[in-house]
Each structure stands twice: as structure tokens, then as C-alpha cells.
Amino acid sequence: MLDSLVGMKVLAAMSGGVDSAVAAARAVDAGHEVVGVHLALSRMPGTLRTGSRGCCTVEDAMDARRVADRLGIPFYVWDFSERFHDDVVQDFVDEYAAGRTPNPCLRCNEKIKFEALLDRAIGLGFDRVVTGHYARVEHTERGPELHRAADWAKDQSYVLGVLTGAQLERCWFPLADTPTKAAVRAEAAERGFLLAQKPDSHDICFIPDGDMRGFLAERLGAEPGEIVDREGRVVGSHEGVHGYTVGQRRGMSLGVPSPDGRPRFVLEVKPQSRQLVVGPKEALAVVRLAGTRISHAGAPHPQLADGLDVEVQIRAHADPAPARARMVGDELVIDPAEPLSGVATGQSAVLYEGTRVLGQVTIDRTVAADAAERLAEADAA
Amino acid sequence: MHQFDHAASTPMRESVRQALATAAPLANPASTHREGQRARAVLEEARERLAIALGCHPTEVVLTSGGTESINLALKGAWWAARDAGAAGAIVVPVAEHHATLDAVAWLEAHGAPVRWVRVDEQAVTDLDAFRPALEQGGAAVATMLVASNEVGSLQPVREAADASARAGVPLHLDAVGAFGHVPLRFVDSGASLMSVASHKIGGPHGVGALVVGRDVRIEALHHGGGQQRGLRSGTQDALGASLFALAAEEALAELDAEATRLSAMTDRIRSTAASLPGVRILTAEARLPHIAHLVVEGASGEALQFLLDEAGFAVSNGSACSAGVARESHVVRACGVEGAAPLRLSLGRTTTAAEVDALLAALPGAIERARSLG
């Protein structure tokens with residue numbers, strides 16, 4: 001195991017949260033030469049935290065610094081705000097503009113923490129980047145493998161599903177085998193870290209007030225449009241399509257009641273015609289998801305080309321679902337055993353085999369269950 | 001660790017450390033009893049010694065918590081006084097001043113003060129052809145100028161600025177925080193009305209500074225209370241801090257000529273070696289502070305360069321940090337017309353040895369090359 005190797009030079013990414021603090025402390029305990037770094041990601045950092053949102057305030061930088069002081073390790077704040085803006089925030093806005101639903105945390109791991117930061121770390125002579133993620137890297141003869149953390153409730157392997165073998169080779173997640181988050185908090189308290197009881201960050205760090213619609217409207221404009229049902233009948237209106245996500249139910253004003261009186265959900269977001277398509281819950285069910293933006297967490301699984309039974313997870317906290325995955329040309333096609341609900345393009349589908357992450361694909365298209373007949377026809381063709 | 005960041009704070013002098021460690025407890029200098037009188041004597045003696053070092057009258061020395069407070073008191077105080085006298089006058093300020101000045105002026109601007117920004121040249125030297133007209137167009141409440149750029153080290157045309165200010169009848173504030181104790185400077189000869197200095201830049205304690213306020217200059221106070229120090233800076237006075245500042249100032253001035261010669265030779269070496277490296281530029285003017293060598297390194301990240309030098313045992317500055325700890329892009333370097341390059345300020349002090357400079361010059365080319373390879 002990595003943490004039994006002594007004398008590595010490791011860079012601990014410290015957000016100011018409890019997880020990365022304990023991860024850095026464990027790296028120090030393991031006898032490595034540890035340097036702490038806090039990434040400044042916001043161009044205009046707020047001074048103090050508001051609620052439990054976000055992770056880019058001056059207060060967070062200070063919390064990280066104080067942990068580094070206690071650990072007796074050097075500490076720096078590095079400015080990645082430009083990269084973060086270009087690769088994460090702008091990507092987020094662009095994806096919504098195209099009617100897709102991105103996951104910015106995944107993009108941040110892919111482009112910032114394990115690319116921009118990792119590259120700089122390696123260039124500066126570090127052997128590993130340490131973070132407080134709940135996931136496990138196993139180093140095998142075939143190369144590194146990414147696995148779920150011991151604590152499935154906190155498992156973050158989904159948002160790390162974009163990492164490649166080369167990236168995983170240089171990662172170290174000391175919280176991999178921690179039984180629970182409570183244990184991490186207890187350890188932080190025992191170590192005398194004042195941030196032991198700091199609330200978890202959640203939501204999107206660059207939208208500190210949580211108003212995603214407002215954030216997108218500011219950048220993409222908000223033009224009113226129609227809400228239509230699957231037959232194209234106008235059933236309501238909206239103040240701008242951006243921010244609506246497939247599977248969403250709340251936040252729509254529908255003037256025309258649904259024929260059967262049952263709730264309606266967003267089935268499709270069409271930015272060009274400024275339309276939201278809505279329909280009953282069962283219309284959300286998809287039997288196929290596919291995309292071409294694929295990454296393998298380590299060596300590609302040899303059977304993926306021909307077809308492989310896997311589990312697929314489509315959101316950070318969704319349950320994994322049994323599915324069949326195979327390559328068709330340059331497209332990865334995933335057919336869940338039971339139809340999946342609320343799958344939006346732009347999301348990442350992460351494939352698992354047991355606890356192991358095989359890789360992920362950004363979903364470009366889905367096939368709805370009630371189009372199954374057409375699916376069969378398409379396959380025949 | 002080799003200290004090449006003396007301009008941020010130079011280590012406390014041994015004499016000051018000894019004086020601090022052996023100091024007797026002091027009462028409140030404002031107290032009228034005998035203990036208070038003893039404290040006042042310590043305080044006023046310190047003020048007199050500082051006045052000699054600063055080239056002013058003791059009455060003109062207003063002790064503060066440091067450079068930032070002094071600058072704020074000078075600029076806000078002068079502007080409010082002018083406004084109260086019926087002239088909501090303009091502030092004349094070069095663009096490459098310290099943040100204490102820029103941010104104080106920006107605050108005043110937000111509260112209604114007209115601001116006349118003055119450009120600098122590619123060596124961060126204030127352009128007199130812009131400074132003079134900004135004064136001569138009339139209606140200015142106060143003008144300000146660094147004695148020398150705290151970042152690149154270029155000396156500023158203080159004499160000419162004072163003459164222009166005098167002709168226009170506008171009080172001039174000199175920011176001497178980084179220059180006092182390093183270049184000859186006497187308030188009475190400078191022609192300025194106000195002058196800010198700080199103790200920790202010359203080996204005194206942190207948290208002590210002074211604003212020299214010419215006896216005929218009107219400024220408003222920022223702090224109100226007991227009316228100490230001509231009513232310009234209420235608050236119990238730090239007699240011990242003042243005496244330690246005075247001690248540091250006396251020592252700095254006693255060794256000024258010798259140190260200027262010694263440190264100039266060292267910074268000349270750094271400058272000529274650095275200038276021979278590809279893609280490294282020197283922005284500093286020929287007339288400069290003796291203890292600062294400033295380089296701009298093209299094609300490298302300042303964060304990476306600073307990390308590599310820090311790791312190798314060299315404390316250097318890659319610019320001032322914001323409150324989160326991020327090194328901000330230097331407005332001074334940008335004002336010199338340079339963008340996207342890593343600034344590196346190497347500042348020396350009385351503890352710097354030739355061997356340390358040798359070690360730095362041996363490490364610098366490799367660190368630059370490596371920082372560049374990171375893209």
C-alpha cells in the first residue's frame with residue numbers, strides 16, 4: 001500500500017474542510033514530507049462562509065492554514081481561479097446553454113485537482129497529491145484501480161470516475177478505509193483541529209447563494225418560453241429554460257392541468273426553441289444511455305468491447321443499477337436492466353464492477369422506455 | 001533559511017530585542033501621577049529621538065500602529081480637512097503606490113473624492129509631466145507619492161513633486177515606509193507636509209509607526225477619544241514601542257551609508273546576473289533603493305518560482321498577498337507595461353551575507369528554468 005511507503009514528497013490539497021485536514025494529518029503521520037496547498041478558485045472570494053455552502057472563502061483558506069500550522073507543514077495558497085473559471089464555471093454555463101446537465105464537481109476533479117494541480121505538483125517534484133476524498137486506489141500489476149470507499153454513505157468514487165490511470169497513479173486518498181464520516185470528525189477533534197465540527201460543504205461552490213437559475217440567467221439571459229407536453233400542446237410558460245433539468249418537477253407554472261391529474265416532470269430541455277417538454281413520471285424512464293466522451297479509470301476493461309455486465313450510477317448519490325455496457329464504434333452504450341429515471345444528457349454515467357470503477361461516459365443521448373419499439377427497430381437496422 | 005524578503009519585514013535588531021526583553025513596566029503616559037510621568041518621559045524622549053532621525057520637530061511626530069494607519073490618517077485626514085474647509089478637492093495619486101494608499105484613495109473616491117491618477121513610466125517612476133498638471137489644474141486637496149517604489153525599488157522624483165506641490169499650494173504626503181532608514185531623508189528638507197514611516201522595516205517592533213504632520217498642516221483625526229497627540233490620534237500611547245522604534249531608527253541611520261554601499265554592491269550583482277538570464281528583465285531605475293533587486297521572469301508561474309526557492313531555503317516575495325493568501329497580480333508591474341510574467345522581489349538587509357547572495361545566484365537559474373517547464 002502507498003501509505004506504507006515512507007519518505008514520499010506529497011502535496012496535500014486542503015480545502016479548509018475536515019476531510020482534507022484529516023487526510024493531510026494522516027499523510028504526515030505516515031512519515032511523508034507533506035506540503036499543504038489551498039486552491040483559490042473564486043475570483044472574488046467572500047470573506048466569511050455563508051451557511052454551509054461553498055468552499056472558497058477567506059475563512060476556508062484560514063481554516064486550512066491553521067491545520068497546516070498545527071501539523072507543522074509548509075502551506076501555500078495557489079491561485080487556480082482562471083483555470084477554474086475556464087474549465088469548470090464556463091463549461092457549466094456552456095453545458096446548460098446546450099440543454100445538458102453538467103456535474104461541475106466531476107469537472108473540477110478532472111481538470112483542476114487532478115490535472116492543473118497534479119501537473120504542477122509533479123513538476124515541482126512531488127510524488128503524490130493527497131485529498132480528502134472518500135475513495136480507494138488499489139495498485140495492481142495491471143496498474144491502478146479506483147474503488148468505492150469503505151463508507152458507502154460517503155463514497156465519492158462517482159465524482160472521481162473521470163480520472164485516468166495516469167492520474168490515479170499519483171493520487172492518494174487516506175480516508176479510503178474510514179468507517180464513517182463521524183470517525184473522521186472524531187479524529188479531527190482528537191487532533192485538536194478547530195474545524196472538526198465544521199459543516200460539510202454541498203451544492204455548487206461557485207454559486208454560494210444556491211440560486212442556480214439566477215446564476216445562469218445572469219450569464220445566458222432568461223427568455224420566457226413555452227412548456228409543452230409530449231404532443232406539443234402548450235401547457236404553461238417559463239421565464240427561461242436554463243436551470244431546468246430532466247426529471248425536475250418543482251418550479252414550473254402549468255396553467256393547463258394534466259389530463260390524468262398526475263404530476264408532470266421535465267422530460268426535455270430545448271434551449272433553441274426555448275421549450276420545456278413535460279410529461280408523466282413514467283416517460284422519464286430510459287432504457288439506453290450512450291456517449292462518446294469516455295474515460296477509463298485505469299486499464300480499459302477487456303470485455304467492454306464485446307459487452308459486459310456492470311452497474312451504472314448516474315448521479316453522485318444515485319443507487320447503482322445493473323446494466324449491460326458495450327462499445328458500438330466509438331460510442332459507449334449502456335442498457336440498464338430496469339429502466340432508469342431522470343437521466344439527463346451532460347451527466348456522467350460511471351460504470352462499476354463490484355466496488356471497482358471501470359470508467360465513465362458523459363451522456364450524449366438517451367432512449368426512452370416508451371420508444372423501446374423504435375429501439376428494437378434501430379438495433380435491427 | 002536565507003532571508004531575501006527584508007522589505008516585507010527585516011528581523012528585529014539585537015539591541016531592540018534586548019531593550020524589549022529588559023524593559024521595565026510602564027504606566028499610562030497620560031496619567032498625572034509620578035508613574036505616569038515616568039512613562040511620559042520615556043515616550044517623549046522617544047519622540048524627540050525619532051524627530052531627530054526623521055528631520056522634524058517632536059510635535060510633528062504622531063505615533064501610529066504602522067505604515068497603513070499613517071497613510072490612511074494622512075490621506076483621509078487631509079481630504080476631510082479640505083472638505084470641511086469648503087473645498088471637496090481632488091486627490092493626486094500615482095498609480096503604482098502601495099495598496100495602503102490605493103485602497104484608502106479608492107475608499108475616499110467612493111465617498112465623493114475626485115481622484116486624479118498619475119501614470120508611471122516603465123520603471124515605475126512617477127511621470128512628472130502628468131503629476132505637475134494634475135496639481136496645477138487647481139482644486140487639489142492633497143497629493144501623495146512614494147519615496148521609492150516598495151516593489152521595484154525605483155526612487156521617485158520627490159524633490160520635484162514637492163516643488164510642484166508647493167507652487168500649487170497643495171500638501172504633499174510622502175510614503176516613506178519602505179525608504180526610511182535606507183536612503184537619506186529629512187522631512188524638513190523634503191518640502192512635504194506629511195510623511196509616513198514604520199518601525200518593522202528598519203528592525204524595530206511590528207505595530208509601531210509614525211506620521212509626520214507638519215505643524216502648519218491641517219488634517220482631521222480618524223480616531224477620537226482622549227485627544228492625545230494634538231488630537232490627531234487618540235488612544236493610549238505605546239511608550240515602549242516608541243522607544244524601540246527610536247532605537248532602531250538611530251541604528252539604521254548610523255549605518256545607512258555603509259549599508260547602502262554594501263547592499264548596493266550585492267543587489268548590483270544580483271541584477272547583472274539576473275539580467276544575463278534569458279527572459280528575465282529588470283524594471284528598476286538606476287536611482288534606486290540599495291537593498292532591493294526586482295526581476296520579472298517571463299514564461300513562469302510566480303507561485304511555482306516562489307515555492308521552488310522557498311523549498312530550497314530562500315524566502316522571497318512574488319507580490320503582495322490578498323487576505324486569502326493569494327499573491328495578487330502586481331499593479332506596479334502591470335503599470336510598468338509588463339503582464340503575465342512572474343515578479344520576484346529580492347530584498348536584502350543588514351543580516352545578508354555575500355555567501356547568501358552566492359547561494360541565491362547559484363539556485364536562481366535552475367529554479368527559473370524549472371518553474372518555466374511547468375508552463
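Tutor: Leaving aside residues up to four places away in sequence, Arg119(B) touches Val95(B), Asp127(B) and Ala130(B); two residues are in contact if their C-beta atoms, placed from the backbone, lie within 7 Å. The model is predicted, so local features need pLDDT of at least 70 and side-chain atom pairs count only at pLDDT 80 or more, whereas totals for chains, interfaces and linings use all residues. Residues are numbered from 1 along each chain as its sequence is written, while chains are lettered from A and ligands numbered from 1 in the order in which they are written.

Arg119(B) sits in the loop that joins β4 (115-118) to α5 (128-136) of chain B. These names refer to DSSP runs numbered from the N terminus: helices are H or I runs of at least four residues, and strands are E runs of at least two. Arg119(B) counts as partly exposed because 13 other C-beta atoms lie within 10 Å. On this scale, with C-beta atoms placed from the backbone, a residue is buried if 20 or more other C-beta atoms lie within 10 Å of its own, exposed if 12 or fewer, and partly exposed in between. Glu35(B) is 84 residues from Arg119(B) along the chain, and their C-alpha atoms are separated by 52 Å.

The C-alpha trace of chain B spans about 65 × 55 × 35 Å along its principal axes. Its radius of gyration is 21 Å, which agrees with the value near 21 Å for a compact globule of 375 residues; the radius is taken over C-alpha atoms, and the globule rule is 2.2 Å times the number of residues to the power 0.38. Of the 375 residues of chain B, 50% are buried. Among the contacts in chain B with a separation of 6 or more, 72% are between residues 24 or more positions apart.

Chain B is divided into domain 1 (2-8 + 255-374) and domain 2 (14-251), with bounds that come from an automatic or database domain assignment. The C-alpha centres of these two domains of chain B lie 27 Å apart. Their contact takes 21 residues from domain 1 and 23 residues from domain 2 of chain B. On the domain 1 side, β10 (292-297) and α11 (331-335) of chain B each supply at least two residues, and α11(B) gives the most, with 3 residues.

Helix α3 (residues 67-84) of chain B has 18 residues and reaches 25 Å from its first C-alpha to its last, close to the 26 Å expected at 1.5 Å a residue, a span taken as 1.5 Å times one less than the number of residues. Because 13 of the 18 residues of α3(B) are buried, this helix is largely enclosed by the rest of the structure. After α3(B) comes Gly86(B), with a positive phi near 100°.

Helix α10(B) is also largely enclosed by the rest of the structure, since 8 of its 10 residues are buried. Gly302(B), Phe307(B) and Leu309(B) are among these buried residues. Their cover includes β3 and α4 (104-123) of chain A, together with β10, β11 (314-315), β12 (342-347) and α12 (354-373) of chain B. Just after α10(B), Gly313(B) takes a positive phi of about 100°.

Between the chains, 10 residues of chain B are in contact with 12 residues of chain A. Helix α10 (residues 302-311) of chain B provides the largest share of chain B's side, 4 residues.

Strands complete the picture. In chain B, strand β5 (residues 140-146) is joined to β6(B) by 4 bridges and the two run parallel; strands pair if DSSP finds at least two bridges between them. Ala143(B) stands opposite Leu172(B) in β6(B). Strand β6 (residues 172-175) of chain B is covered on both faces, with Leu172(B) and Leu174(B) buried on one side and His173(B) and Asp175(B) buried on the other. Within chain A, β1 (residues 9-13) and β4 (residues 128-130) pair in the parallel sense over 3 bridges, and Ala12(A) stands opposite Val130(A) in β4(A).
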